[in-house]
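Could you walk me through this structure, one feature at a time? I would like to learn how to read each feature as we go.

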Amino acid sequence: MKFEQLKIKDIVLITPDVFKDNRGYFYEAYNIKKIFQDNNEVNSEYWKSTDFVQDSLGYNNKNNTIRGLHYQEFRPQAKLVTCIKGAILDVVVDIRKDSDTFGEWLSVELDEYNNNQLWIPHGFAHGYKTLTDNCAVIYKTDEFYNYDDYRGLIWNDPYLNIDWGNCDDLVISEQDTMWKTFKDTFDE
C-alpha cells in the first residue's frame, strides 16, 4: 500500500496493492493494521484513532451527477472513500477554522481502475461529481449519519471556485442547490 499526503494537511490518498491475473483482480479495500495501526508513513493526529461504525454506498445513474458538499457540524465524520464502479472527481473543502488551509479545497479522481481511496478526517466538507454513468461509491465513516446535524455548502460557491470540470447537463438534488456559500456559513 502506498500513502500520499496531499496538499491539505491530513488528507491522504491511498493506493492499495492490486493483484491482477486472468480472472480479474483482488485487493484489500480495508485492513486496519496496514492502514491505521502499523502505518508510520502518515503523520496525522487523526490517523491512529479511527474506528469505523458505518459503511455507506452511493449509486449514481448518470455522468455529471454532483453529490455534496456535505458535512456534519457537531458529530463530524471521518471518511475513507472508494469508487468501486465508474469514475468520480472527489472534492474536499477544509472547514477547520483553526487550520492554515481553512477554505481551501482539493480534488482527486477515484475510479474502478486505479482503486485509490481518499482518507478524509474530521473537519472537511465532502462531495463528488461522477465522470461516467453507473458509478458506485462506498465510504466508511467513524460516526453515524445524523440528519439533524447534516449540513452543506453550495457546490458552485464563487468564493471556493471549485473546478468541477464539465458541468453541462448536471444531475443534482434540489437540496444541494439550496446550501449557503462558504462565506455565509463561516463568516461570523
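The dialogue below takes up the overall build, the sheet, the pockets and a few backbone details.

Q: What should I know before I start reading?
A: Welcome! This is a predicted model, where local features need pLDDT of at least 70, side-chain atom pairs count only at pLDDT 80 or more, and totals for chains, interfaces and linings use all residues. Residues are numbered from 1 along each chain as its sequence is written, and side-chain values use heavy atoms, with hydrogens and water left out.

Q: How many helices and strands are in the chain?
A: The chain has two helices and 14 strands. Both kinds are DSSP runs numbered from the N terminus: helices are H or I with at least four residues, and strands are E with at least two. The radius of gyration is 16 Å, close to the 16 Å that the globule rule gives for 188 residues, so the chain is as compact as a globular protein of that length. That radius is taken over C-alpha atoms, and the rule is 2.2 Å times the number of residues to the power 0.38. Along the principal axes, the C-alpha atoms fill a box of roughly 50 × 40 × 30 Å.

Q: What share of the residues in the chain is buried?
A: Buried residues account for 49% of the 188. Here buried means under 20% relative accessible area, exposed means over 50%, and partly exposed lies in between, with a 1.4 Å probe and protein chains only.

Q: In what order do the strands of the open sheet run?
A: The general idea first: strands of a sheet pair through backbone hydrogen bonds, either parallel or antiparallel. Two strands count as paired if DSSP finds at least two bridges between them. In this model, six strands form an open sheet in the order S1-S2-S10-S7-S12-S5, with antiparallel pairing. Its edge strands are S1 (2-5) and S5 (54-60), each pairing on one side only.

Q: How can I trace the pairing from S1 to S2 and on to S10?
A: Start with S1 and S2 (residues 12-15), which pair over four bridges; Gln5 has Val12 in S2 as its bridge partner. These two strands form a hairpin with six residues between them. Three bridges then join S2 to S10 (residues 117-120), where Leu13 stands opposite Leu118.

Q: Which strands does S7 pair with?
A: Strand S7 (residues 79-85) is joined to S10 by four bridges and pairs with S12 (residues 135-141) over six bridges. Thr82 stands opposite Gln117 in S10 and opposite Ile138 in S12.

Q: How much space lies in the largest pocket, and what lines it?
A: Rolling a probe the size of a water molecule over the atoms shows where empty space is left. On a 1 Å grid over the protein atoms alone, a cavity is a set of points where a 1.4 Å probe fits but cannot get out, while a pocket is an open set with protein on both sides within 12 Å along at least five of seven lines; lining residues have an atom within 4 Å of a point. Grid points are joined across faces, edges and corners, and a volume is the space filled by probe spheres set on the points. The largest pocket holds about 490 Å³ of space and is lined by 29 residues, with Arg67, His70, Tyr128, Tyr139 and Tyr150 nearest its centre. Strand S6 gives the most to this lining, with seven residues.

Q: How much space lies in the second largest pocket?
A: About 290 Å³ lies there. Of its 19 lining residues, Tyr71, Glu73, Ile95, Arg151 and Phe186 are the closest to its centre. S6, S13 (150-152) and helix H2 (182-186) each supply at least two residues of this lining.

Q: Where is the cis peptide bond, and which residues have a positive phi?
A: Most residues other than glycine have a negative phi, and most peptide bonds are trans. Here, a cis peptide bond joins Gly68 and Leu69, with omega about 20°. Leu69 sits in strand S6 and is buried at 0% relative accessible area. Asp10, in the loop between S1 and S2, has a positive phi near 85° and is buried at 2%. Asp169 has a positive phi near 55°; this residue lies in the loop between S13 and S14 and is exposed at 71%.
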